[in-house]
Amino acid sequence: MDADVVVMGGGIGGCALATRLATAGVAVTVLEREATYRDMVRGEAMVPWGFTEARELGVADAVLQADGVSVITRMVPYDESSTIDQALSRSSDLSAVVPGAPGVIGVGHPELRAALANAAAKAGAAVVHGVRRATVVAGDDPQVTFGRDGAQRTISCRVIVGADCKFSVTRGALGIPMFTSEPRVRLTGMLVDDGGLWDRDVTTIAVDGRNQFIVIPRADNKLRLYVGRRVDDPDPLRGPATLTEFPRLVPDPDISRSRPARRVDTDRPLRHIPHERRVDRYPSGTRWCIDRRRGWLEQPGHRPRSKHHPP
């Protein structure tokens with residue numbers, strides 16, 4: 001046997017699990033498709049109850065040491081029915097939402113994945129990047145076969161954990177269907193450099209006319225901006241003109257009225273994301289599970305009914 005556990009997917013969930021298991025002395029191998037983590041335009045805010053679970057898993061330090069991390073302590077409810085001063089006066093203290101959590105942690109998705117992958121490796125896990133053509137054999141003697149650098153390798157193990165997102169190889173091998181709800185909102189996300197104008201302690205979920213805004217600041221002078229519109233909006237955000245229009249929609253005077261924010265060039269500078277739910281349907285008596293980040297957002301300041309909601 002080559003490993004006790006093989007984790008398919010070296011993202012946030014997969015590397016956090018690998019860190020915990022390796023710290024406990026379990027022989028873990030993580031298989032990750034990307035050679036270098038790319039900007040996926042998602043997952044930039046860890047809510048307070050998610051941070052407490054990260055601390056319980058032993059990865060809180062890795063989260064806080066990720067490049068560009070910021071601790072967001074205030075939620076300002078900008079709204080079309082309020083002035084900016086009124087919105088500021090109704091801000092919420094995010095550091096008081098969950099005891100022991102400093103607030104919402106703002107961090108880039110690739111930076112957080114890299115930090116957790118490093119934590120897993122330091123704990124003793126083998127983290128393999130650049131994996132291609134992975135196949136899973138389920139059963140009493142599970143195996144994973146994959147290609148890397150032109151060679152093929154097979155790993156035998158006791159347990160295979162699927163943490164490889166919606167296109168999960170593990171789910172396909174086990175024949176697990178996935179239910180996807182009909183999206184009602186489409187989020188458009190962009191990474192911009194605002195020169196530090198936006199208050200790094202502040203996030204917002206704002207509404208102005210047809211637009212819903214989500215602003216997540218980072219400590220490296222970057223903001224992740226999201227604008228949500230209904231999927232049936234007659235004037236959707238799309239095309240090259242959106243790159244210029246997008247930063248001007250933000251409801252903060254320092255950003256939208258002082259000077260335009262500069263777009264940060266990434267391999268995915270602008271992405272449109274259907275706001276939908278994806279749920280794995282497990283047969284009765286199942287002995288395995290798929291771990292992946294779901295496609296919905298939790299509003300900071302509102303604790304989900306179950307602690308098992310995704311952070």
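Me: Where does Ser-168 lie in this predicted model?
Reply: The model is predicted, not an experimental structure. In it, Ser-168 falls between strand S11 and helix H6, which covers 169–174. The element that holds Ser-168 is therefore the loop between S11 and H6.

Me: Is Ser-168 buried or exposed?
Reply: The relative accessible area of Ser-168 is 6%. A residue counts as buried under 20%. Ser-168 is therefore buried.

Me: Which residue has its backbone nitrogen 3.0 Å from a polar atom of the Ser-168 side chain?
Reply: A polar contact needs N or O atoms within 3.5 Å. The distance here is 3.0 Å, from a polar side-chain atom of Ser-168 to a backbone nitrogen. That nitrogen belongs to Arg-171.

Me: Why is strand S1 described as largely enclosed by the rest of the structure?
Reply: Strand S1 covers residues 3–8, six residues in total. S1 is largely enclosed because the number of its residues that are buried is five.

Me: Which residue in S2 is the bridge partner of Val-6?
Reply: Strand S2, residues 28–31, runs parallel to S1, and four bridges join them. The S2 bridge partner of Val-6 is Thr-29.

Me: What unit do S1, helix H1 and S2 make?
Reply: Helix H1 covers residues 12–23. S1 and S2 are parallel strands. Together with H1 they make a right-handed β-α-β unit.

Me: What kind of pair do the rings of Tyr-78 and Trp-198 form?
Reply: The count of aromatic pairs comes to one. The ring centres of Tyr-78 and Trp-198 are 6.4 Å apart, with the planes at 65°. Planes over 60 degrees apart fall in one class, so the pair is edge-to-face.

Me: How many residues apart are Tyr-78 and Trp-198?
Reply: Both Tyr-78 and Trp-198 are buried. Tyr-78 is in the loop between strand S5 (74–75) and helix H4 (84–89), and Trp-198 is in the loop between strand S13 (185–193) and strand S14 (202–208). The pair links distant parts of the chain, and the separation is 120 residues.

Me: Which residues does Asp-235 contact, leaving aside its neighbours within four places in sequence?
Reply: Asp-235 lies in the loop between strand S16 (222–230) and helix H7 (241–245). Asp-235 is partly exposed, with a relative accessible area of 44%. Leaving aside those neighbours, its contacts are Arg-210 and Arg-229.

How values were computed: Residues numbered from 1 in each chain as written. Predicted model: local features only at pLDDT ≥ 70, side-chain atom pairs only at ≥ 80, totals over all residues. Heavy atoms only, no water. Helix = DSSP H or I, 4+ residues; strand = E, 2+ residues; numbered from the N terminus. Buried < 20%, exposed > 50% of the residue type's maximum accessible area, 1.4 Å probe, protein only. Contact = heavy atoms within 4.5 Å. Pairing = 2+ DSSP bridges. Right-handed = clockwise from strand over helix to strand, strands pointing away. Phe/Tyr/Trp six-rings, centres within 6.5 Å; stacked < 30°, edge-to-face > 60°. Polar contact = N/O pair within 3.5 Å; in protein donor to acceptor, adjacent residues only side chain to side chain.
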